[in-house]
Amino acid sequence: MQGFLRVARGFSSTLNVAGALLLTVMMLLTVFDVILRYLGRPLTGTFELMSFAGALVTGFALAQSTFDGAHVNVDLVIQALSARKKAVLFILNRLIGIGIFVLLTWALFEKGNDLYKTGEVSLTLQVPYYPVAYGLSFCCLVECLVLFVDILQVRLGAEHE
Amino acid sequence: MSDVAFGLIALLILLALFLTGIELAFAMAAVGFVGFAMLNGFSVALSLLANDFLDSLASYGLTAIPLFVLMGQIAFNAGIAKRLYDTNHKFLGHIPGGLAVATVMGATVFKAICGSVVATSATFASVAIPEMERFGYSKKLATGIVATVGTLGVLLPPSITLIVFGILTQQSIGKLFMAGIVPGLIMSSFFILVILGWCKINPNLGPRSSRFSWQERWKSLPDVAWPIAIFLILIGGLMNGFFTPTEAGSIGAFAVLVLCMLKRDITFKGYVRSLREALRTACMVLLLIAFSAVLGHFIAVTNIPQAAADWILGLPLPKTVIIIIILLVYLLGGSFIDDLAFMILATPIFYPMILKMGYDPLWAGIMVACTVCIGSVIPPVAICVFVVKNITKESLGLIYRGVYPFLISMIACMVLLFLFPQLVTYLPVVLME
């Protein structure tokens, strides 16, 4: 259990740091582009790079956001339930989440394979698309791990009680 | 079973899932995926899931969200709000209710660089409430105004709500920003009128605080001037097409960061904290958008938006009544679910109807944003009130007694915008066309 937790935390925080760095790069890249544009020398392909980076920033932040409980939910009704019922619902919800992210991991990996095989690249910089799909697929896999650890933590909590 | 009936059952299941405490984004993806798979097959649904996720997250327009959130978080962590509040305190503190007015003015300027409703409420709860208490202000007035004032960020640019609405409805974010300025300032003025009127009726609510010399007042003005200057550069740049919303977000975040570093208002740790918060908030919003795209495609296949539009527009009701009903649905839905999440969920269904009835898309955006403003302070899910409660540890009952007069003024503002849509459309028309 502790091993799973450590791995999940390690991956989440590492990805989050990567997301933070990338967000800073996005900010600086755009600022330089705007400045250079008014000097008559715009950076080519900023639009494409920003789109790719934007996707990866969200993907990188995904697992840590789930760890931190950042995603919106409605807890009005469940507040009135007993701890046991709450735990059952929580586990069911986590299983739904795992289901979605397992599917996404698989579908994005397949998408990455397709993009790799067809050699699809961006219009201006000719940057291949497939690393973004593979990157997001990996982020979804880490998200599955985080959701799984959540279930383990609930079970562990129940055992302690 | 018809596709519409199937879609409606799926939406009921979605609402039931919401009540189980599941993350709203996960529920949208699950219902959208399963529904689409049942109608079109598993492999098509799987491909839709991957494409919607990838295309939504890799959309250039959406990159504006993390950057504007970052700008707000840097401003939040640098303690800019405190300086803005202090300046307004020096100018207005000596009049009855002046510190509450200073809160509104400080928050209005702070909104020019921070689009987060929660960050504004949290900041002013820590900065303004202790100061108001020190000068003997009623807790009801102090907590009430702080809980309400954060909502201004939904209307005043750079509002995250308006960016999301613009992306969902494919409208110009610059025009939506322009459209939000007058309503935001009207709402801000209404708050000030409520404070002054309330303190006139009961002077004990907001006694006069100390008076500052003009020298002290002038000295504090630069603290207000530079956030306004950044705001004007961003809005001016967007308005004149000098840069895109994403570029505006980047320039704004960079300018706020550099200025805060020069003034030694932010440390490296503060910047890291800003990044972490920006990633959390942006990820939450973007995941909602990405997964609502999956749900939206499923709903589109079931033909619900068309059927709902035909049904509602076929009702023997004037279009004014229909639009009021739609806005009430936003208000009620947003009160039970998160307001932004409900807007993301409901807009693809209602927006085509609003357009069919001939309403101005900008006006529609601002009216929906007004429902989000009001939804942020009305129970059961009143995020701004909860933030103030958590920080001040006051009872919800007391905070609400302070919120009600401001809530009435928000409704009055919405009625005014309803009766005079030009208040919304005038500025974008004059400045951008």
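Colleague: How do you know whether the radius of gyration of chain B agrees with that of a compact globule?

Modeller: A compact globule of 433 residues would have a radius of gyration near 22 Å, and chain B has 22 Å, so the two agree. The radius is taken over C-alpha atoms, and the globule rule is 2.2 Å times the number of residues to the power 0.38. This is a predicted model, in which local features need pLDDT of at least 70 and side-chain atom pairs pLDDT 80 or more, while totals for chains, interfaces and linings use all residues. Residues are numbered from 1 along each chain as its sequence is written, chains are lettered from A and ligands numbered from 1 in the order written, and side-chain values use heavy atoms, without hydrogens and water.

Colleague: Why is Ile186(B) called buried?

Modeller: Its relative accessibility is 15%, and buried means under 20% relative accessible area (exposed is over 50%, partly exposed in between; 1.4 Å probe, protein chains only). Ile186(B) therefore counts as buried. Of the 433 residues in chain B, 61% are buried.

Colleague: Where does Ile186(B) lie, and what does it touch?

Modeller: Ile186(B) belongs to helix α11, residues 173–201. Helices are DSSP runs of H or I with at least four residues, strands runs of E with at least two, numbered from the N terminus. Leaving aside residues up to four places away in sequence, Ile186(B) touches Cys413(B), Leu416(B), Leu417(B) and Leu423(B), where contact means heavy atoms within 4.5 Å. Leu423(B) is 237 residues from Ile186(B) in sequence, but their C-alpha atoms are 9.3 Å apart.

Colleague: What makes the pair Asp68(A) and Arg280(B) a salt bridge?

Modeller: The rule asks for a side-chain nitrogen of Lys or Arg within 4 Å of a carboxyl oxygen of Asp or Glu. For Asp68(A) and Arg280(B) the N to O distance is 3.6 Å, so the pair qualifies. The count between chain A and chain B is three salt bridges.
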